[in-house]
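This report concerns the side-chain packing of a protein model. Please consult the sequence and the coordinates alongside the text.

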Amino acid sequence: MPETATLQVRGKTYTLPVVVGSEGEVAIDISKLRAESGVITLDDGYANTGSCQSAITFIDGERGILRYRGIPIEQIAEHSTFPETAWLLIYGELPTADQLECWSNLLTRHEMLHEGLYKHFDGFPSGGHPMAILSAMINATSTYNPDIIRMESPETFQSAAARLLSKTRTIAAAAYKTSIGQPLIYPKPHLDYCSNFLHMMFSIPFKEYEPDPDIVSALSLILVLHADHEQNCSTSTVRMVASSGANLFASCAAGVCALWGPLHGGANTAVIEMLQYIVDSGISVKDYVEKVKDKTSNIKLMGFGHRVYKNYDPRAKIIKQAADRVLAKLQIHDPLLDVARRLEEVALADPYFKEKKLYPNVDFYSGIIMRAIGIPLDMFTVMFAIGRMPGWIANWKEVWEGQSRIYRPRQIYTGPVERSYIPIDQRRPAVAVPGSTTVTGQVVCR
Ligand code: CMC
């Protein structure tokens, strides 16, 4: 007998199916509730809503567990490369040696941009934010490959996925070069994914960048740790857009936009800005933490807290150790790392953070490594986007293959009830229009 749940509302009883995931997570399936009862569920920020069933990534936020396709993140971080992790996420299994070679060759084959696309970069002003350029250029790429928009077979999907993964890195480096007014650097086919990215970022026409193996492996680790994180804001956005039938490029370009915000991928930039502020202003770490706790300050401890983790984010643990290792190897002393360590120590001992179960998340230490690699601050969230691409692609594929219904939440309307249209000469200002001032019944536009 399948398990069910019972709901009583307005004097009637409804029986709802119960769904159990492979790790024992339990959900009440309310998909037919409205049709049967006229009632919907309300869940601000979707904090308690399972938006889909997915076989890609598992998180246990209470125990600080993250697994890609069942494999613990610690093992993946130790053994895997970014292209291999991407294959695992997209296809569900680790690739064989032949599959990995074929996949790597495919990524190399698609690393160049169409020559016409390079010209688009001329249209962006120097100083234009690379996240805006990345999103626009991912969409623009699809205009050069109309066949992949139609996506008629698994082969077309693979070609589209390889193009997107490979070209994202080329676009990201070109966005950076554009933002600093340097000539664009073409990829080199003999370099691996990460070395090639560093080459396109840091080579200049008269001086070749020689990637240091420690820097390459630090970059690879950052990308692998960001590769997927189940139904976060940007991945849900990708699935939302995909559910309308939109193509892979359009869906992932939307993911880039969702990632940009400081509460999501933009937090890695905000963390460094916060650490720099603490160093520059001379405020003590204890006083800064007090400021964060004061709700009227509207300041958050960036890089702390997570919707799902109520324990140490396992990625933050790995990144923290890596930051120590990388900086020691490169003989870099970064005062921001000292401040970050002290902030963590003070926050974790403070009842405010203990009670709310706020721990460092992936963004708390990742910026320190990116600084050591030489990645500029504006590019931090772009690095997150390159890393997250395999997860977006895997989630897009799941929607595409599962032919899920279009994502279309309901709402509880709280606006005015029905009223009549008022002719313009009879209207009185009721609300001050943003950017204008109400002076005795008159709206003055500035
Ligand atoms: N500093 C201070 N207080 C915090 C913080 C923080 N970083 N995070 C949460 N809180 C407080 C929050 O004010 C609330 O307090 P109260 O119960 O008194 O109202 C309580 O903790 C619960 O927080 P919430 O806002 O309900 O949590 P959420 O699940 O809606 O938001 C979050 C999660 C990650 C957006 C939030 O913790 C945050 O803004 N953190 C800082 C930004 C950040 O580091 N973001 C990166 C997230 S990890 C990578 C990613 O997903 O991109």
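The sections below treat the basis of the values, the core, the aromatic residues, the cysteines and a hairpin.

## Basis

The model is predicted; local features need pLDDT of at least 70, side-chain atom pairs count only at pLDDT 80 or more, and totals for chains, interfaces and linings use all residues. Residues are numbered from 1 along each chain as its sequence is written, and side-chain values use heavy atoms, with hydrogens and water left out.

## Nonpolar core

A nonpolar core is a set of buried Ala, Val, Leu, Ile, Met, Phe, Trp, Tyr and Cys residues joined through side-chain atoms within 4.5 Å. Buried denotes under 20% relative accessible area, exposed over 50%, and partly exposed the range in between (1.4 Å probe, protein chains only). The largest such core comprises 121 residues, and Trp103, Phe197, Met274, Leu275 and Leu343 have the most contacts inside it.

Leaving aside residues up to four places away in sequence, Phe197 touches Arg169, Ala172, Ala173, Leu219, Ile375, Met379, Met383 and Ile386; contact means heavy atoms within 4.5 Å.

## Aromatic residues

Rings of Phe, Tyr and Trp (its six-membered ring) pair if their centres lie within 6.5 Å; planes under 30 degrees apart count as stacked, over 60 as edge-to-face and the rest as tilted. The count comes to 17 aromatic pairs. Tyr176 and Phe202 form an edge-to-face pair, because their ring centres are 6.4 Å apart and their planes stand at 70 degrees. Tyr176 belongs to helix 8 (residues 154–180) and Phe202 to helix 9 (residues 193–202), so the pair ties together parts 26 residues apart in sequence. Helices (H or I, at least four residues) and strands (E, at least two) are DSSP runs, numbered from the N terminus. Tyr176 is buried, at 13% relative accessibility.

One aromatic cluster is formed by Trp87, Tyr91, Trp103, Phe157, Trp396 and Trp400.

## Cysteines

The structure holds zero disulfides, a disulfide being a pair of cysteine sulfur atoms within 2.5 Å. For Cys52, the closest cysteine sulfur is that of Cys233, at 14 Å, which is too far for a bond. Cys52 is partly exposed, with a relative accessible area of 24%. The sulfur of Cys252 is 11 Å from its closest counterpart, in Cys257, again too far for a bond; Cys252 is buried, at 0%.

## Hairpin

Strand 4 (residues 57–60) directs Thr57 and Ile59 one way and Phe58 and Asp60 the other way, and all are buried. Four bridges join strand 4 to strand 5 (residues 65–68), and the two run antiparallel; strands pair if DSSP finds at least two bridges between them. Arg67 in strand 5 is the bridge partner of Phe58. The two strands form a hairpin with four residues between them, and Gly64 in the turn has a positive phi of about 70 degrees.
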